[in-house]
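I opened my notebook to look through this structure one stop at a time. Here are the entries, in the order I made them.

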Amino acid sequence: HVERTFIMIKPDGVQRRLIGEIISRFERKGLKLIAAKLLKVSEEQARAHYAEHAGKPFYPSLIEFITSGPVLAMVWQGVDAIQHGRALIGKTNPLEAAAGTIRGDYGIHTNRNLIHGADSKESAEREIAIYFAPGELVDYELAQ
Ligand code: CMP
């Protein structure tokens, strides 16, 4: 079924000029971009986004990193968009991410893994609301 997912190109992906490459992969897959925003993540947004990781050893460095420079926050829509997004991204640990995935092709570090993708419908809705107002999601048709 058609659903929306939240995808963020992290500061390292922006710094490495991988925005175009990453967007291209999502477009070629057949997903539809319905919102995009370049922004610097605030402390408040970072803590809300990564609330489930609070208390974990990597949490402080995760917050520091995600707020360190601009990110590209996006919403992509399509059939099973959440799972397709995660398949394009690859496993969290780049050592486990298969070649052909974004992390497999471009990443070396778990902490600098280029991109984030929502892992469930609930996460997607929660994360979208942290970065976008409802009116910023653009509804339109794409020709095949
Ligand atoms: P992301 O998909 O953005 O979700 C949480 C992030 O925490 C993850 O990508 C990694 O960048 C980072 N992280 C660092 N260490 C770990 C770890 N041991 N397990 C999971 N995520 C980690």
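Which residues does K10 touch, not counting residues up to four places away in sequence? I found I66, V71, L114, I115 and H116, where contact means that two C-beta atoms, placed from the backbone, lie within 7 Å.

**Ground rules.** I noted that this is a predicted model, in which local features need pLDDT of at least 70, side-chain atom pairs count only at pLDDT 80 or more, and totals for chains, interfaces and linings use all residues. Residues are numbered from 1 along each chain as its sequence is written.

**K10, continued.** I placed K10 in the loop between β1 and α1 (11-15). Helices (H or I, at least four residues) and strands (E, at least two) are DSSP runs, numbered from the N terminus. K10 is buried, because 22 other C-beta atoms lie within 10 Å. For burial, C-beta atoms are placed from the backbone: 20 or more others within 10 Å of a residue's own make it buried, 12 or fewer exposed, and anything in between partly exposed.

**Record check.** I looked up the UniProt annotations, whose positions are given in the numbering used here, with shortened feature names, and which may be inferred rather than shown by experiment. An unreviewed UniProt entry gives "binding site" for K10, F58, R86, T92, R103 and N113. The UniProt annotation "active site", also from an unreviewed entry, covers H116. For residues 2-139, UniProt (unreviewed entry) lists "domain: Nucleoside diphosphate kinase-like". Over that stretch, residues 2-139, I read 41% helix and 20% strand, with the end C-alpha atoms 13 Å apart.

**H116.** This residue sits in strand β4 (residues 115-117). H116 counts as buried because it has 21 other C-beta atoms within 10 Å. Leaving aside neighbours within four places in sequence, H116 is in contact with M8 and K10.

**Around the ligand.** I then listed the residues around the ligand: H53, F58, L62, T92, T110, N111, N113 and H116. A residue makes this list if its C-beta atom, placed from the backbone, lies within 6 Å of the molecule. How many residues of each class are in the shell around the ligand? I noted two nonpolar, six polar and no charged residues. The classes run like this: Ala, Val, Leu, Ile, Met, Phe, Trp, Tyr, Cys and Pro count as nonpolar, Asp, Glu, Lys and Arg as charged, and the others, Gly among them, as polar.

From this shell I picked T92, in the loop between α5 and α6 (102-106). T92 counts as partly exposed because it has 15 C-beta neighbours inside 10 Å. Neighbours within four places in sequence aside, T92 is in contact with T110 and N113.

**The core.** The largest nonpolar core has 27 residues, of which F6, M8, I9, V71, W76 and I115 touch the most other members. Such a core is a set of buried Ala, Val, Leu, Ile, Met, Phe, Trp, Tyr and Cys residues joined through C-beta atoms within 7 Å. Two or more residues each come from β1, α2 (19-29), β3, α5 and α7. The largest share, six residues, is from β3.

**Helix α7.** Which residues of helix α7 (residues 121-131) are buried? I wrote down A124, E127, I128 and Y131. They are on the same side of α7 because they cover an arc of only 105° around the axis, the arc being that of the directions from the helix axis to the C-beta atoms. Those buried residues pack against β1 (2-9), β2 (32-39), α3 (43-49), β3 (71-79) and α5 (81-89). On the face turned away from the buried side of α7, I found the exposed residues E122 and A129.

**Two phi values to flag.** Most residues other than glycine have a negative phi. R17 has a positive phi of about 60° although it is not a glycine, and R17 lies in the loop between α1 and α2. L114 also has a positive phi, near 75°, and its place is in the loop between α6 and β4. Are these two buried or exposed? R17 is exposed because it has 8 C-beta neighbours inside 10 Å, whereas L114 is buried because it has 26.
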